[in-house]
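Visitor: I would like to go through this model one piece at a time. Please show it first.

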Amino acid sequence: MEKNRITKRWLKNHFTYSWWKYLLLIVLSVLGVNLIFTTTEYRPPEEKKIELYVCNGYADVVGMKETLWPLFLQCSPDQEELTVLNIDLVSGDIYASMQFSTYAAAQQGDILLMPVGEIQKLTADGANYAFADLTPYIESGVLDVADIDLSAGVMADENGGKGIYAIPADTLYGLLDWGNDPAQSMIGVTAYSGNEENAVKFLNLLIQQCATEKPEGYEPQTGRSTATSIFN
């Protein structure tokens, strides 16, 4: 019985040589709890969320979401989540290009705001592979394009048929309020969006909010159509 007695000396010696076992146990416990919460955490289904990827330069995505989310809920009250992500493809950052290619391969994202050159590369083999044809929404009035010249957004699908697959964003000067320069940019709804109708509603909201007067002294940035890209 004397050998099995737990004394201060025994405890000190035990923790001196076995402390790492307790640390490992704590770490594994924390990771286990985190894994349980991660795997069981509620995630809105595709038809309940919208993802906007701003790829034509810097943007204050936090400010964009704070402004647009309450307005979007007014026209689509059943929606549960809005994600606004900045993937700056004009910065020359190879990691931004890799990030976008990963999301595109996984068919993530509902709305893309991109430089004209990137839009052209994505639609080279048929615009319908990358973007949804917005013509029916424009004709029905669901998508109000105001006075925007849509000619640059008319593209051919894989069979040569024409449609409006992207909206020129050059005149969406309201984007400047979030630090985003719309020059030489276009915006469209992805062909693989799992929430196309609400994506179009959000696009309509964005256009209405940003179709403002050209600010005095505004000078557009140039060179975006030839930005370096993984799609070269």
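Visitor: Which residues touch the most other members of the largest nonpolar core?

Guide: This is a predicted model, in which local features need pLDDT of at least 70, side-chain atom pairs count only at pLDDT 80 or more, and totals for chains, interfaces and linings use all residues. Residues are numbered from 1 along each chain as its sequence is written, and side-chain values use heavy atoms, without hydrogens and water. A nonpolar core is a set of buried (under 20% relative accessible area, 1.4 Å probe, protein chains only) Ala, Val, Leu, Ile, Met, Phe, Trp, Tyr and Cys residues joined through side-chain atoms within 4.5 Å. The core has 37 residues, and those touching the most other members are Met64, Leu134, Leu143, Ile167 and Phe202.

Visitor: Which element supplies the largest share of this core?

Guide: Helices (H or I, at least four residues) and strands (E, at least two) are DSSP runs, numbered from the N terminus. S1, H2, S2, S3, H6, S7 and H7 each supply at least two residues of the core. The largest share, 8 residues, comes from H7.

Visitor: Why is one side of S2 and of S6 left without a neighbour in the sheet?

Guide: Two strands pair if DSSP finds at least two bridges between them. The open sheet has 5 strands in the order S2-S1-S3-S7-S6, with mixed pairing. S2 (81-86) and S6 (167-168) stand at the edges, so each has a single partner strand.

Visitor: Which residue in S2 is the bridge partner of Leu52?

Guide: S1 (residues 49-54) pairs with S2 in the parallel sense, over 6 bridges. In S2, the bridge partner of Leu52 is Val84.

Definitions and conventions:
Buried < 20%, exposed > 50% of the residue type's maximum accessible area, 1.4 Å probe, protein only.
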